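Hi,

Here is the structure I promised to send over. Have a look, then read my notes below.

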Amino acid sequence: MTNRGLMKALDKNENAAYILLNTSLDLMVLLEKNGMILACNEAFAQSREGSINELIGSIIWEWLPSDLAARSQQFHEAIIQSCAPLRVEVEQDGRWSETIAVPIFNGTGEVTNIAIYSREINELKKTEEALR
């Protein structure tokens, strides 16, 4: 494949990844091990009242309220130490979300990135409460 052909294929894959990320209403973000945002979708950017361009390259905890940032850092460290996915339900200002964080490994088995997916679960929590 020529360089031009390779660049065209990469552009197509990058565009496909962008479209895939932004078809979901769930919040999605890809972090480096140090918490730097590598990629995110529009839903995540809007939830942080920023743009994708502002968020990429910044540290995620700078965009979170201090109490949520502290909890998120603890979850982040737990994922790196355990090398295992983590699922948590978080209540913030009366609103519930389910967050799933998945470690991504390099060729030697070291966690290098963390993919995070978060969705609002207020209705689920209301239903659970009504069933009690």
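Start with the largest pocket. Strand β4 gives the largest share of its lining, with 6 residues. One caution before going on: this is a predicted model.

The rest of the pocket, briefly:

- The space in the largest pocket is about 820 Å³.
- Its lining counts 33 residues. Nearest the centre are L27, R48, L68, S97 and S118.
- Two or more lining residues come from each of β1 (27–32), α2 (42–47), α4 (66–82), β3 (86–92), β4 (95–105) and β5 (111–120).
- By class, the lining splits into 20 nonpolar, 7 polar and 6 charged residues.

Next, one residue I looked at separately: N113. This residue sits in strand β5. Is N113 buried or exposed? The relative accessible area of N113 is 16%, and buried means under 20%, so N113 counts as buried.

What does the side chain of N113 meet? One of its polar atoms lies 3.3 Å from the backbone oxygen of L31. The N113 side chain also makes a polar contact with the side chain of T112, at 3.0 Å.

Contacts from further along the sequence come next. Leaving out residues up to four places away, N113 touches L30, L31, E32, L38, V102, P103 and I104.

Best wishes

Terms used: Residues numbered from 1 in each chain as written. Predicted model: local features only at pLDDT ≥ 70, side-chain atom pairs only at ≥ 80, totals over all residues. Heavy atoms only, no water. 1 Å grid on protein atoms, 1.4 Å probe; cavity = no way out; pocket = protein on both sides within 12 Å on 5 of 7 lines; lining within 4 Å. Points joined across faces, edges and corners; volume = space filled by probe spheres on them. Helix = DSSP H or I, 4+ residues; strand = E, 2+ residues; numbered from the N terminus. Nonpolar A, V, L, I, M, F, W, Y, C, P; charged D, E, K, R; others polar. Buried < 20%, exposed > 50% of the residue type's maximum accessible area, 1.4 Å probe, protein only. Polar contact = N/O pair within 3.5 Å; in protein donor to acceptor, adjacent residues only side chain to side chain. Contact = heavy atoms within 4.5 Å.
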